[in-house]
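Dear colleague,

I am handing over the structure below, together with some notes on the part I have looked at. Please read them with the model open beside you.

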Amino acid sequence: MSGRAQLMWDEAVTGYNFGPGHPMDPVRLALTMRLVEAYELHRGPLEVVAAKPAGDSTLRLVHREDYIEAVRRASADPESADLAYGLGTEDDPAFPGMHEASALIAGQSVGAAEAVWRGDAEHAVNFAGGLHHAMPGGASGFCVYNDAALAIARLLELGAERVAYVDVDVHHGDGVQAAFWEDPRVLTISLHEHPRTLFPQTGWPEETGGEGAEGSAVNVALPAGTADAGWLRAFHAVVPELLAAFRPQALVTQHGADTHFEDPLAHLAVSLDAQRAVAESCHALAHEYADGRWVALGGGGYAVVEVVPRSWTHLAAIAGHRPIDPTSPVPEEWRHEVFRRTRQLAPYRMTDGRTPQWRDFGEGGYDPADRLDQAVLATRRAVFPSHGLLP
């Protein structure tokens, strides 16, 4: 297995642009790449690779042919967008070139999966990806093609027998769960804000997989307001034990930065430092349980200057085995670039100044009156027995 890491990047992914005022501002991608470059991660630890757009045969691994055609039509003529396919909505307005930009992002994630499976790279990152809400037959939640599901489907096509997907975006990874609902070869784990308080109102602990795949879907529904200690406690109470039991041959992770306390679209209170800690844990888990094969994706995140670029630059640096000291100052040239593009002031350091700590779920028991512990226990009771584990 190669020790190299790849960063999947094509500047044209910034063409995934729903227009002015939409939360999914592609400047977050450009600023992330500029920060990666400011740290010179692209000159050593990360090989920057641009994969081809996903073709129709690849897209059909997850998406229905009639939906792909609907995207193509809306891409050529946005006025013709068909609401029946989730296109032309407030969340997913049609725009010229939508099919091409969406297929390009999907192609980067599929290319990452191929590189990792074939041994061209040990880890591969596509922070433009993680568009986890897109369904086989429709767009949803700012997502047109589900690159995360397509990467997993490609791994299965290449011969993988067990693939684990861990999603720490603040929103439920509903599209990936739906794509593999009845496939026991894929374990999907999503930690997200409780569906009572956040889109897409799915991801209840009772959602555990379809017939023949019981226990293959895992959902941790976190109370609004959950901060670092609770978020990390929940992650470590669920993810490592399940991965140890499942023994995936590849690990795909989604790192939406919208769990952050400054994100405008959700209600968790997680710091950049905790997001970095989870990225480090995913890296370690890939080595421990998946022979090092790790595909890391971006996702949501709408504090496009303050949070997203730093969070995903940490992710890329961890994948490249050259983690950035959180206390290090943000390069001045990047701060100038931020102001030039956005007229906003950039952060000065790669940290929120937090030192995240959590209490392990197995130490000292749990508090039955604590809403976070109730959420964790509900998930463990729902799925752990299917994996031969005690709840």
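Before the notes on pairing, one term is needed: two strands are said to pair if DSSP finds at least two bridges between them. Please also keep in mind that this is a predicted model.

I begin with strand β1, residues 5-8, which pairs with strand β2, residues 46-49, in the parallel sense over four bridges. Within this pairing, the bridge partner of A5 in β2 is L46. Between the two strands the chain passes from β1 through helix α1, residues 27-38, to β2, and this β-α-β crossover is right-handed.

Strand β1 also runs parallel to β3, to which it is joined by three bridges. Here Q6 stands opposite A124 in β3, while L7 has V125 of β3 as its bridge partner.

Strand β3, residues 123-126, is in turn paired with strand β8, residues 294-297, again in the parallel sense and over four bridges. In that pairing A124 stands opposite V295 of β8, and A124 is also the residue of β3 that Q6 stands opposite.

Which residues of β1 lie on each side, and are they buried or exposed? In a regular strand the side chains alternate between the two faces of the sheet. In β1, A5 and L7 are on one side and Q6 and M8 on the other, and all of them are buried, so that both faces are covered. Strand β3 likewise has both faces covered, with H123 and V125 buried on one side and A124 and N126 buried on the other.

With kind regards

Note on methods: Residues are numbered from 1 along each chain as its sequence is written. This is a predicted model: local features need pLDDT of at least 70, side-chain atom pairs count only at pLDDT 80 or more; totals for chains, interfaces and linings use all residues. Side-chain values use heavy atoms; hydrogens and water are left out. Buried means under 20% relative accessible area, exposed over 50%, partly exposed in between (1.4 Å probe, protein chains only). A crossover is right-handed if, with the strands pointing away from the viewer, the path from the first strand over the helix to the second runs clockwise.
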